[in-house]
Amino acid sequence: MPKATTSTFRTQPTSAAQRPKKNGESSSSGAASAAGGARNHLFDTARFGQHILTNPLVAQGIVDKANLKPTDIVLEVGPGTGNLTVRILSACRKVVAVEMDPRMAAEVQKRVLGKPEQKKLEVMIGDFVKADLPYFDVCISNTPYQISSPLVFKLLSHRPIIKCAVLMFQREFALRLVATSGSKLWGRLAANVQLYARVEHIMKVGKGNFRPPPQVESSVVRILPRDPPPPVKFEEFDGLNRIIFSRMNKTIRANFKAKGVAELAERNFKTYCAEQGIIIEDGFDIREKIDTILLETGYADNRAAKMDVDDLLKLLAAFNVAGM
């Protein structure tokens with residue numbers, strides 16, 4: 001799995017001086033009333049793509065679906081004002097909350113100030129995608145929509161392998177994660193994720209459960225990483241999927257004939273042969289070699305839209321055996 005880059009994080013201390021100030025709200029309070037609460041004027045939610053989950057029943061349902069144990073350490077991404085956080089804290093040993101907005105981070109800490117849960121909460125301020133993550137057992141997140149895909153693949157590449165992740169996503173993205181071969185939403189994203197995990201759609205969440213309300217509906221999925229993971233190089237599996245899902249309703253043979261694919265395959269094959277000390281015969285044609293592999297596997301006239309993860313693995317294995 002691809003590694004995320006690192007970034008320096010800091011733990012936010014709890015102090016009265018760092019709590020959100022209210023005197024900055026006055027200039028926009030009239031606009032807030034006119035907008036009917038469509039915008040959050042206390043916290044800059046629009047800047048970070050966050051929508052605060054306000055329905056306590058939904059929040060508790062998300063925590064329940066994680067099946068937490070008292071010994072678990074939970075990573076929460078984008079805690080916002082802590083509506084999920086306080087419920088997670090009551091069910092586990094520790095919560096590490098990663099938040100981009102320092103004012104929201106301060107608000108989360110204020111929720112547990114002076115309570116026993118204060119000792120169980122650690123807040124990290126910064127960009128989750130660039131972070132070196134600490135140890136954790138479970139991830140729970142009302143995910144900022146713009147980091148949906150990076151979040152999923154970072155969690156799947158995390159070691160040691162986590163038990164599960166319960167994540168809120170934009171409805172369309174969630175349905176793409178759980179799509180099956182032959183369905184309208186099946187594609188490269190679903191194939192890559194389902195190679196490394198089982199994904200379940202567990203809850204629909206309407207717009208009215210958030211402040212400010214998003215423009216789209218949301219869903220909650222549960223991701224259960226496969227342990228041990230399959231012995232497949234992600235870069236190779238994804239490379240194959242890039243080719244065949246580029247035009248997923250075309251045949252596999254047609255996708256390999258697309259502009260630039262044969263040239264790239266030939267460069268990679270020559271590099272492999274040079275590393276292995278293999279002499280390439282005169283008159284070698286990479287297009288003939290690709291066609292032979294596709295015909296021998298029986299996938300030449302198949303379409304990616306109808307191929308499941310097992311089919312993709314068999315095709316990749318055939319290319320690997322041929323040194324590609």
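Reader: What does the side-chain oxygen of N55 reach at the start of α3?
Author: In this predicted model, a side-chain oxygen of N55 comes to within 2.9 Å of the backbone nitrogen of L57, at the start of α3.

Reader: And what follows α3?
Author: The helix is followed by N67, a residue whose phi is positive, near 50°.

Reader: Which residues of α3 are buried, then?
Author: In α3, which spans residues 56-65, the buried residues are V58, A59, G61, I62 and V63.

Reader: What covers them?
Author: The cover over the buried residues of α3 includes the strands β2 (52-53), β6 (138-142), β7 (164-170), β8 (197-205) and β10 (218-225), together with the helix α4 (85-89).

Reader: Switching to α6 and α8, at what angle do they pack?
Author: Helix α6 (residues 148-157) and helix α8 (residues 188-196) pack at an angle of about 25°, and their axes are 10 Å apart. Because angles under 35 degrees count as roughly parallel, α6 is roughly parallel to α8.

Reader: Is that crossing left-handed or right-handed, and which residues meet?
Author: The crossing of α6 and α8 is left-handed, and S149, V152, F153 and L156 from α6 meet L189, N192, V193 and Y196 from α8. Sorted by class, this contact has six nonpolar residues, two polar ones and no charged ones.

Reader: One more, about F234: buried or exposed?
Author: F234, which is found in helix α9 (residues 234-244), counts as buried because its relative accessibility is 9%, where buried means under 20%.

Reader: How far is its C-alpha from that of L195?
Author: The C-alpha atoms of F234 and L195 are separated by 9.2 Å, while the two residues lie 39 residues apart along the chain.

Methods: Residues numbered from 1 in each chain as written. Predicted model: local features only at pLDDT ≥ 70, side-chain atom pairs only at ≥ 80, totals over all residues. Heavy atoms only, no water. Buried < 20%, exposed > 50% of the residue type's maximum accessible area, 1.4 Å probe, protein only. Helix = DSSP H or I, 4+ residues; strand = E, 2+ residues; numbered from the N terminus. Contact = heavy atoms within 4.5 Å. Polar contact = N/O pair within 3.5 Å; in protein donor to acceptor, adjacent residues only side chain to side chain. Axes fitted to C-alpha atoms, helices over the stretch in contact; angles between N-to-C directions. Parallel < 35°, antiparallel > 145°, perpendicular 65-115°, else oblique. Left-handed = near helix turned anticlockwise from the far one by under 90°. Nonpolar A, V, L, I, M, F, W, Y, C, P; charged D, E, K, R; others polar.
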